[in-house]
Every structure is written in C-alpha cells, then in structure tokens.
Amino acid sequence: IEDCGLVSERLSEKLDDVDPIPHNYFLEVSSPGAERPLKKQKDFERAIGKNIFIKTYEPIDGEKSFEGTLLEFDGQFVKIEIKIKT
C-alpha cells in the first residue's frame, strides 16, 4: 500500500508537469492484490506468505470458500493457514 501511495504521488506530479490530459481526471494506483487469480505455478510461489482467497468446486468439511495465509505450494497441493472469521 505504501508503494502504491508513493507511485501515485510521483506519477501525479509528473502528469501535472506534462499535463497530457486536457480535462479533469482522478489518478488511481492499485496493486493486483487478493483479487488477482492464482493460475500458474509462479503465481502461487509469489503468493507464499500472503493472504489468499480460495473457492473450491466441491465442499471441504462443508465449506467451499477459504481465506488465509498461503504457507506452501508443491506444484499440486496448497497448504494455507485458515483465517477464522467468527
């Protein structure tokens, strides 16, 4: 989040200097966070230690949605520390 703020400030200053857009606008800088799907092995490896959200086709212990920290990924299985919301 701090990096997004820094990029937003610096980019906004440069855009103000150059003024490439003739009308008013809002600059929004965001990171591809939890909403970014994990599809490839590299995506999972980069997400280790980060908060993730998983939806399964079939229920596991009666649940189909899980949120928590990705602890491990071995190319086939994931291990997450589940965040209990209640």
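**Entry 1: the sheet**

I took strands as DSSP runs of E of at least two residues and helices as runs of H or I of at least four, numbered from the N terminus. Two strands count as paired if DSSP finds at least two bridges between them.

**Entry 2: what I am looking at**

I noted that this is a predicted model, in which local features need pLDDT of at least 70 and side-chain atom pairs count only at pLDDT 80 or more, while totals for chains, interfaces and linings use all residues. Residues are numbered from 1 along each chain as its sequence is written, and side-chain values use heavy atoms, with hydrogens and water left out.

**Entry 3: β1 with β2**

How many bridges pair β1 with β2? I found 6 bridges between strand β1 (residues 51–60) and β2, in the antiparallel sense. Asp61 is a residue other than glycine. I placed Asp61 in the loop between β1 and β2. Asp61 is exposed, at a relative accessible area of 80%. The cut-offs are under 20% relative accessible area for buried, over 50% for exposed and partly exposed in between, with a 1.4 Å probe and protein chains only.

**Entry 4: β2 with β3**

β2 and β3 run antiparallel and are joined by 5 bridges. Glu72 stands opposite Lys79 in β3, and Gly68 stands opposite Ile82 in β3. The hairpin of β2 and β3 has 4 residues between the strands, and Gly75 in the turn has a positive phi of about 100°. I placed Asp74 in the loop between β2 and β3. Is Asp74 buried or exposed? Asp74 counts as exposed, because its relative accessibility is 57%. I also checked Asp74 against Gln41: they are 33 residues apart in sequence, and their C-alpha atoms are 8.9 Å apart in space.

**Entry 5: helix α1 and the residue after it**

Helix α1 covers residues 2–18, which is 17 residues. At 1.5 Å a residue α1 should span 24 Å, and its end C-alpha atoms are 25 Å apart, which agrees. The expected span is 1.5 Å times one less than the number of residues. Just after α1, Asp19 takes a positive phi of about 50°. Asp19 lies in the loop between α1 and α2. Asp19 counts as exposed, at 52% relative accessibility.

I placed Asp43 in helix α2 (residues 41–47). Asp43 counts as buried because its relative accessibility is 15%. Contact means heavy atoms within 4.5 Å. Leaving aside neighbours within four places in sequence, Asp43 is in contact with Pro37 and Leu38. With residues up to four places away not counted, Phe44 touches Leu38, Lys39, Leu70, Phe73 and Val78.

Which residues make up the largest nonpolar core? I listed 7: Phe44, Ala47, Ile52, Phe66, Leu70, Phe73 and Ile80. α2 and β2 (63–73) are the elements that give two or more residues to this core. β2 supplies the largest share, 3 residues. A nonpolar core here is a set of buried Ala, Val, Leu, Ile, Met, Phe, Trp, Tyr and Cys residues joined through side-chain atoms within 4.5 Å. In soluble globular proteins, nonpolar side chains tend to be buried together.

**Entry 6: the record**

UniProt, in an unreviewed entry, lists residues 38–85 as "domain: Ribosome maturation factor RimP C-terminal". UniProt positions are in the numbering used here, feature names are shortened, and annotations may be inferred rather than shown by experiment. Over residues 38–85 I found 15% helix and 54% strand, with the end C-alpha atoms 22 Å apart.
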